[in-house]
Amino acid sequence: MRYSKLNYLLSALGLVLVTAGASAQTQTDSIKYDHQEVFGPITWPTTPGDTRSPSGQPGQHYWQNRADYLIKASLNENSADTSITGEATISYTNNSPDNLDHLWLQLDQNLFKPDSRGAATVPIGGDRFDVKGFSKGGYHIESVSVTYKGQTYKVDPVITDARMQVRLTTPMGPKGEKIQVKVNYSFSIPFYGADRMGRKKFKQGYVYELAQWYPRMCVYDDVEGWNTLPYMGLGEFYCDYGDFDYYITAPANMTVVGSGDLQNGDKVLSAKQQSRLAEARNSDKTTMIITPEEVGQEATHPFKGTLTWHFKMQNTRDVAWAASTAFIWDGAKVNLPSGRKTIAMSAYPAESAGNDSWGRSTEYLKNSMEIYSKEYFEYPWNSAVSVSGVALGMEYPGIIFCLNNLKNGNLWGDITHEIGHNWFPMIVGSNERKYMWQDEGFNTFINQYATKMFNNGEYYNAKNRPAVGIAVMMKREKDPLMVAPEAQNEYGQYYVKTSLGLDMLRNVVLGPDRFDYAFHEYIKHWAFKHPLPYDFFRAMNDASGEDLNWFFQPWFFTTWKLDQAIQGVKYVKDDVTKGAQITLVNKEKMAMPVDLKITQANGKTETIHLPVNIWQRGGVWTFIYPSTSAIQSMELDPDNQLPDADRKNNVWNGK
């Protein structure tokens with residue numbers, strides 16, 4: 001009998017409805033999925049004035065302010081207390097369309113005051129970023145002055161926890177107006193600086209890691225105006241870009257390394273060290289600048305009293321430095337895709353030396369920089385240095401701090417992660433204080449590819465499938481990724497859940513080519529700018545050609561879980577050769593595409609891919625698979641790429 005096209009469609013639709021309806025009746029009590037929640041319309045927030053484009057790029061009227069710094073600081077070492085005294089002159093440019101009645105600065109060292117908000121909110125058992133009681137902690141602000149339109153006047157700043165407000169007698173004008181703020185300050189260096197800086201004693205002297213060491217401008221942006229969330233330990237930083245010109249005066253028997261380019265090597269290095277440094281700049285192999293045997297020798301530091309080390313770094317959002325009498329120092333050339341050469345260096349005490357430890361630090365740093373430059377965005381500065389000390393792992397532009405006793409793969413992992421932060425957020429300048437996943441997670445994502453590429457995969461484990469472990473973490477997840485760090489009960493999610501989300505978009509949803517193109521577009525357009533999460537979402541949608549909001553909204557804004565399941569199989573007309581009706585169920589609230597591995601009794605095995613769109617109408621989906629013999633077994637997500645909450649129902653056995 002011949003059917004008209006309409007009759008055929010109605011007949012087919014009826015079959016599907018009956019099948020889906022029967023399946024749904026058996027699953028009603030267990031399905032949490034609501035397709036309208038996942039696939040309902042989503043419009044991300046917008047900013048006024050065309051500052052950000054609907055395509056996820058900076059808009060035609062995008063602006064950001066600028067802060068240039070001239071800093072002169074001294075490291076004052078004595079047995080009772082070691083402190084920093086300094087003078088910071090900040091030249092601030094207001095590119096916004098707004099008049100500014102006041103300025104806000106960050107005083108991050110105030111975290112270490114006994115009565116700080118960060119100290120008050122440390123969990124009773126402590127944590128990695130807590131404030132380990134330091135009675136001398138915090139800034140001492142000696143004076144603040146402002147110069148605007150040729151007039152200079154002193155200001156009595158208003159200090160609230162880790163923020164300082166400078167109230168202006170004359171409002172600062174918009175659209176390129178400039179003002180200068182000068183701050184004289186001092187602070188005692190904490191022993192444990194919330195795992196971001198501090199001091200630690202070794203056989204041949206203290207290693208000082210100095211970060212958050214000068215008053216820094218808060219960011220005034222097109223989204224919130226002044227960003228004044230206080231520094232409380234876990235949440236990191238949000239800074240404007242500018243040029244840094246800084247001088248560090250330290251005891252003459254110390255080696256000082258820092259962000260940017262050393263300007264006066266002829267005045268602070270011996271002739272032999274200058275020669276070796278030049279050699280390292282041209283060597284692909286690690287070259288010693290100060291050998292282990294030379295540490296502590298008078299000829300290594302032939303100067304008396306104090307020395308002033310002068311560094312410059314352009315178009316950066318921050319600088320940091322380290323100093324010690326104990327430093328072994330080495331370096332090697334970094335080859336960048338454009339043909340430009342730069343240098344990777346390491347500074348570490350004798351306790352960290354050895355080929356199973358920091359003796360390979362420069363090798364790890366050099367290779368990481370070359371990989372990230374080739375794969376994502378060329379490293380824009382002229383040097384980078386890895387420092388061994390008290391901090392487990394912390395990043396700044398051009399300098400990273402890693403724990404002194406790490407070895408082999410653990411040291412590789414720490415170095416490639418911390419220098420990876422020079423791409424997120426030092427180049428792509430997101431707001432770490434609010435959106436920790438936007439730098440930690442993106443960086444963790446690129447780290448896995450660096451590990452695969454380094455030295456033929458020396459530390460790469462192809463069998464490592466993090467989705468299974470992350471599914472366990474997600475079961476106890478209390479807070480979504482969009483929650484600010486201080487409100488997050490399990491901050492490890494910022495790293496691994498974000499990274500897994502990008503993996504799934506790349507390997508399951510879009511494919512490597514489309515994902516990589518879109519990701520590179522995001523990096524290219526937001527280098528040295530301040531992207532919001534919504535800019536990332538829009539950029540990925542635009543460049544990939546997919547509306548991925550069904551993924552972004554649940555993954556970043558909720559604690560929803562994923563649970564795909566196989567319900568069963570029926571053969572068409574009970575004949576295994578005529579095809580099989582396979583029913584799948586999406587039991588939890590998230591949705592993802594389906595990879596289903598099917599093995600037939602005749603030995604044929606294949607993995608079919610179904611798009612996420614099968615879940616647009618509901619949580620049960622039946623389709624016909626063209627089997628030619630009985631289905632022996634089936635498995636959902638056979639490569640363990642998804643964080644499925646219950647993998648037992650991913651497997652169906654025909655026997």
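Arg-199 lies over the face of Phe-191, at 3.9 Å from the ring centre. A second contact of this kind in the predicted model places Lys-132 over the face of Tyr-192, where the distance to the ring centre is 5.1 Å. The two contacts are listed below.

| Charged residue | Ring | Distance to ring centre |
|---|---|---|
| Arg-199 | Phe-191 | 3.9 Å |
| Lys-132 | Tyr-192 | 5.1 Å |

Contacts between aromatic rings come next. The structure contains 59 aromatic pairs. One of them joins Tyr-379 and Trp-381 in an edge-to-face arrangement, with 5.5 Å centre to centre and 85° between the planes. Tyr-379 counts as buried because its relative accessibility is 0%. Trp-381 has a relative accessible area of 6%, so Trp-381 is buried; the cut-off for buried is under 20%.

The remaining topic is the largest pocket. The volume of the largest pocket is about 1,000 Å³. Its lining consists of 42 residues, and Thr-444, Gln-448, Asn-464, Pro-466 and Ser-499 are those that lie nearest the centre of the pocket. Two or more lining residues come from each of the elements β24 (393-396), α7 (408-420), α8 (437-453), α9 (466-475) and α10 (492-510). Of these, α10 supplies the largest share of the lining, nine residues. By residue class, the lining of the largest pocket divides into 15 nonpolar, 16 polar and eleven charged residues.

Conventions. Residues are numbered from 1 along each chain as its sequence is written. This is a predicted model: local features need pLDDT of at least 70, side-chain atom pairs count only at pLDDT 80 or more; totals for chains, interfaces and linings use all residues. Side-chain values use heavy atoms; hydrogens and water are left out. Rings of Phe, Tyr and Trp (its six-membered ring) pair if their centres lie within 6.5 Å; planes under 30 degrees apart count as stacked, over 60 as edge-to-face and the rest as tilted. Buried means under 20% relative accessible area, exposed over 50%, partly exposed in between (1.4 Å probe, protein chains only). A charge sits over a ring if NZ of Lys or CZ of Arg is within 6 Å of the ring centre and within 35 degrees of the ring normal. On a 1 Å grid over the protein atoms alone, a cavity is a set of points where a 1.4 Å probe fits but cannot get out, and a pocket is an open set with protein on both sides within 12 Å along at least five of seven lines; lining residues have an atom within 4 Å of a point. Grid points are joined across faces, edges and corners, and a volume is the space filled by probe spheres set on the points. Helices (H or I, at least four residues) and strands (E, at least two) are DSSP runs, numbered from the N terminus. Ala, Val, Leu, Ile, Met, Phe, Trp, Tyr, Cys and Pro count as nonpolar, Asp, Glu, Lys and Arg as charged, and the others, Gly among them, as polar.
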